[in-house]
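This report describes the architecture of one protein chain, from a single residue to the overall fold. Please keep the sequence and the structure in view while reading.

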Amino acid sequence: MVAESYIAQFEAMSDSYLKERASDIRDVAQRLLYHITQQVEENHSLPEKLILVASEVTLSMMASIPTDKLQGIISIYGGGSSHVAILARALGIPAVMGLSLSLSEIHKKNVIMDGYAGSVILFPEKPLLQHYQLLLAEDNDLKKLVDSGDAKEAVTADGYRVSILLNTGLNENQHARVAGHFDGVGLYRSELPFMLTDSFPTEQEQTDAYQRLLNEYAQFPVTMRTLDVGGDKQLSYFPIIEENPFLGWRGIRLTLDHPEIFLVQIRAMLMANLQHQNLRIMLPMISAIEEVIEAKKLINQAWQEVKTELNLTSEAFPLPEIGVMLEVPSSIFIIPRLAQEVDFVSIGSNDLTQYLLAVDRNNSRVAGLFDSYHPAVLQALKMIVDNCRRYDLEVGVCGELAGDPIGALILVGMGYNKLSMNANNMAKVKYLINATSHAELKTCIDLALQANAGADTRSIYRDYLDSKNLGGFVRAGK
Ligand code: PEP
Ligand code: MG
């Protein structure tokens, strides 16, 4: 109440600078409320191997458990496209999200987790255990098979080449396992350095983190996305409490309201880029062209500052390429304007699905409605690739669809040739692309674009994969 009365006083001021200070009071008040309502954390000692079960598993919970101990994740609340699920997939840890069981029913019980079907079986009888052990062995065989072709590029039998790029950033260990061929980093989620600290990381801390990544992939282009907090990615020291967080203060909206955060991050990225010059900058949650123009102004400002401070010329220190995420539906209708402003776009299919279908990607109640094979999503994806080609704008996909076996085949059939995914899915997707032909994938997508529902599309690709003896790649429920 005290904060609200101060906020009202600031908001009533006519000076625009002072008026904006209302948001500072709001931030401080929200942080105070957050700390007051935090419960004292219990100190558990962890067993050697465990399945993490919680009413809502969060990214910070996952970060607090060593990855080698974590055998599975069960979250009562959440959906398959939440960032926890994305991270679990990237780490190769089975996860079941949105389970209607109470915590006490499951605590310390023997369970089978079926991450493909999204189910948990309590007290499994022996025959069922044996059945699942067989499935596990089949899964391991399939993994061995795809890993054997991991060094190959992704080229269809009729010569259509697809760049395979890496998604990284949600966790420090996430990219530790890139073994085979890939073509660069298509998405670095830069939230990590912000989530590992108790306050905003300094410019130097950020520079060090970005430099590690740019050095590690020095021979490749590395696309770093600017800070995308909000929604289900919260910073403990900057909590955002909103009724509709996914429709709220998220991504570029927040950083344009706090240019000081944005400028420090861009300066750090540019400093880190000095040595290898392999950085590309990508803006999240773009919904209007003004946001791109404003963000570009700030990027330019940071670039001029760094150039002057280090006494460099534009030739020695060129401005990196700038791109935007296509994930808010409005952005896909401004592709002609975007083509004039940016060097590339990348589709965030997780958010694009969420916003096109009006289905919260985190809400277990509507998880069944979240479907990236929905006919409307497919039409949007087709429209994007056609429009980008028409306006000569580089386009790729970095949402989970790109690393999903059927999703990758859908996208390749439509004409996409840049797919960015977690390291864990790369070998599988490359294997499938190498085992199929572009002509056949075009036939499949022509059929899928006529489908009435996502389930029909799934059947089209299942039948196709079965006909090529590749049915094992798409298990029931997947
Ligand atoms: C997406 O929305 O598809 C995406 C890649 O970004 P994030 O999952 O981090 O929102
Ligand atoms: Mg997104």
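Is E48 buried or exposed? The model is predicted, and in it E48 has a relative accessible area of 62%. Because a residue counts as exposed over 50%, E48 is exposed. This residue is located in the loop that connects α2 (16–37) with β1 (50–54). Between the C-alpha atoms of E48 and V146 there is a separation of 29 Å; along the chain, these two residues are 98 residues apart.

**The chain as a whole**

The secondary structure of the chain consists of 18 helices and 14 strands. Its radius of gyration is 23 Å, close to the 23 Å given by the globule rule for 478 residues, so the chain is as compact as a globular protein of that length. The C-alpha trace spans about 70 × 55 × 40 Å along the principal axes. Of the 478 residues, 51% are buried. Among contacts with a separation of 6 or more, 62% are between residues 24 or more positions apart.

The table lists the crossing of each pair.

| Helix pair | Axes come within | Crossing angle |
|---|---|---|
| α13 (residues 349–357) and α14 | 10 Å | roughly 120 degrees |
| α14 (residues 375–390) and α15 (residues 405–414) | 10 Å | roughly 40 degrees |

With axes that cross at roughly 40 degrees, α14 is therefore oblique to α15. The crossing of these two helices is right-handed. On the α14 side, the residues that meet α15 are L378, L381, K382, V385 and R389; their partners in α15 are I410, L411 and M414. By class, six residues of this contact are nonpolar and two are charged, while none is polar.

From α13, the contact involves L352, T353, L356 and L357, and from α14 it involves A376, V377, A380, L381 and I384. This contact comprises eight nonpolar residues and one polar residue, with no charged residue.

Definitions and conventions
Residues are numbered from 1 along each chain as its sequence is written. Chains are lettered from A and ligands numbered from 1 in the order in which they are written. This is a predicted model: local features need pLDDT of at least 70, side-chain atom pairs count only at pLDDT 80 or more; totals for chains, interfaces and linings use all residues. Side-chain values use heavy atoms; hydrogens and water are left out. Axes are lines fitted to C-alpha atoms, for helices over the stretch in contact, and angles run from 0 to 180 degrees between N-to-C directions. Helices (H or I, at least four residues) and strands (E, at least two) are DSSP runs, numbered from the N terminus. Angles under 35 degrees count as roughly parallel, over 145 as roughly antiparallel, 65 to 115 as roughly perpendicular and the rest as oblique. A crossing is left-handed if the near helix is turned anticlockwise from the far one by less than a right angle, and right-handed if clockwise. Contact means heavy atoms within 4.5 Å. Ala, Val, Leu, Ile, Met, Phe, Trp, Tyr, Cys and Pro count as nonpolar, Asp, Glu, Lys and Arg as charged, and the others, Gly among them, as polar. The radius of gyration is taken over C-alpha atoms; the globule rule is 2.2 Å times the number of residues to the power 0.38. Buried means under 20% relative accessible area, exposed over 50%, partly exposed in between (1.4 Å probe, protein chains only).
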